[in-house]
Amino acid sequence: GFSEKDADDISNHVVVAAGDWMDLSQKLLRQEQQPQQGQPRTISSPPSLAVGNKLPPDGRFHIILAAETTYTSKSAQDTAILMAKHLTFHTGIGLVATKRYYFGVGGGSDAFRDAAASQRV
């Protein structure tokens, strides 16, 4: 089964973030988070960032998962920019769960696909 040690091993490799993508991106690029001994690394909210071990020094990740982050054209653009800046070159994978279209606000999978193409993601 899944043990407490397994959970600890995973938490040392996982970053959980919430908040504004562009603010998060700027803070990742500046590497502002300096934890005290025995404390998780965090970035002030919004956005918040909880880190098991340490962030990659270049601010790039192997996988970025996002859900409900493309609800407007602007948010779709922000998600594409974050992926372009923070996925590892050539091997990074970005997975975005979204609706085809958000009625009344204009985002969705088509808006994200267009934004990603403009960022060459």
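A: Happy to! Two strands pair if DSSP finds at least two bridges between them; strands (E, at least two residues) and helices (H or I, at least four) are DSSP runs, numbered from the N terminus. This is a predicted model, in which local features need pLDDT of at least 70 and side-chain atom pairs count only at pLDDT 80 or more, while totals for chains, interfaces and linings use all residues. Residues are numbered from 1 along each chain as its sequence is written, and side-chain values use heavy atoms, leaving out hydrogens and water.

Let's pick helix H4, which covers residues 109–118. Ala111, Phe112, Ala115 and Ala116 of H4 are buried (under 20% relative accessible area; exposed is over 50%, partly exposed in between, with a 1.4 Å probe and protein chains only). These four lie on the same side of H4, because they cover an arc of only 130 degrees around the axis, taken from the directions from the axis to the C-beta atoms. An α-helix has 3.6 residues a turn, so residues three or four places apart point the same way. Turn to the other side of H4 and you find Arg113, Asp114 and Ala117 exposed.

What do the buried residues of H4 pack against? Their partners are helix H3 (73–86) and strand E4 (93–97), where contact means heavy atoms within 4.5 Å. E4 in turn pairs with E3 in the parallel sense, over 5 bridges, and alanine 97 in E4 stands opposite alanine 67. Strand E3 (residues 63–67) has Ile64 and Ala66 on its covered face, with Ile63, Leu65 and Ala67 on the uncovered one. Finally, H4 is followed by arginine 120, with a positive phi near 60 degrees.
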